Amino acid sequence: MLKPLENRVVLRVKQEEEKSIGGIVLTSASQEKPQTAEVVAVGAGKTTNHGTLISPVVKVGDTVIFEKFAGTTVKMDGEEFLILKDSDLLAIVE
């Protein structure tokens, strides 16, 4: 499994529905990039210049919304993950 460093998080991006509201099947080119994901790993946090550790707010299992083109996609064991900084997360879905 991936273990993120500092203030990074590893996400499993949720696959969005491939049909429009009217039931029309969308091609992959016309689909928007998904913006919700499940947190699968969280780094320890970022250390400030004064030595204070700032821990990420999210935890494993949270569903989050992230910036559209943020992060780096990594494929591991046949599954795709997204690694990004916790500052690229916009919200936790409750």
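Colleague: How many bridges join strand 1 to strand 7?
Modeller: This is a predicted model. Strand 1 covers residues 8-13 and strand 7 covers residues 79-85. The two run antiparallel. The number of bridges between the strands is 4.

Colleague: Which residue stands opposite Thr-63 of strand 5?
Modeller: Strand 2, residues 36-42, runs antiparallel to strand 5. They are joined by 3 bridges. The residue opposite Thr-63 is Glu-38.

Colleague: What is the bridge partner of Ile-65 in strand 8?
Modeller: Strand 8 spans residues 89-93 and pairs with strand 5. The sense is antiparallel, over 4 bridges. For Ile-65, the partner in strand 8 is Ala-91.

Colleague: Which residues make up the covered face of strand 5?
Modeller: Side chains in a regular strand alternate between the two faces of the sheet. Strand 5 is residues 63-66, and Thr-63 and Ile-65 form its uncovered face. The covered face is Val-64 and Phe-66.

Colleague: Is Asp-62 buried or exposed?
Modeller: Asp-62 sits in the loop between strand 4 and strand 5. Its relative accessible area is 11%. The cut-off for buried is under 20%, so Asp-62 counts as buried.

Colleague: Which residue's backbone nitrogen lies 3.0 Å from a polar atom of the Asp-62 side chain?
Modeller: Start with the contacts of Asp-62, leaving aside neighbours within four places in sequence. These are Ala-37, Glu-38, Val-39 and Ile-92. The backbone nitrogen in question is not on that list, being within four places of Asp-62. It belongs to Lys-59.

Colleague: Is Ser-55 buried, exposed or partly exposed?
Modeller: Ser-55 is placed in the loop between strand 4, residues 53-54, and strand 5. Its relative accessibility is 46%. Buried needs under 20% and exposed needs over 50%, so Ser-55 is partly exposed.

Colleague: Which residues does Ser-55 contact, leaving aside neighbours within four places in sequence?
Modeller: Contact here takes heavy atoms within 4.5 Å. With those sequence neighbours left aside, Ser-55 is in contact with Ala-44 and Gly-45.

Colleague: What is the C-alpha to C-alpha distance between Ser-55 and Asp-86?
Modeller: In sequence, Ser-55 and Asp-86 are 31 residues apart. In space, C-alpha to C-alpha, the distance is 9.6 Å.

Terms used
Residues numbered from 1 in each chain as written. Predicted model: local features only at pLDDT ≥ 70, side-chain atom pairs only at ≥ 80, totals over all residues. Heavy atoms only, no water. Buried < 20%, exposed > 50% of the residue type's maximum accessible area, 1.4 Å probe, protein only. Pairing = 2+ DSSP bridges. Polar contact = N/O pair within 3.5 Å; in protein donor to acceptor, adjacent residues only side chain to side chain.
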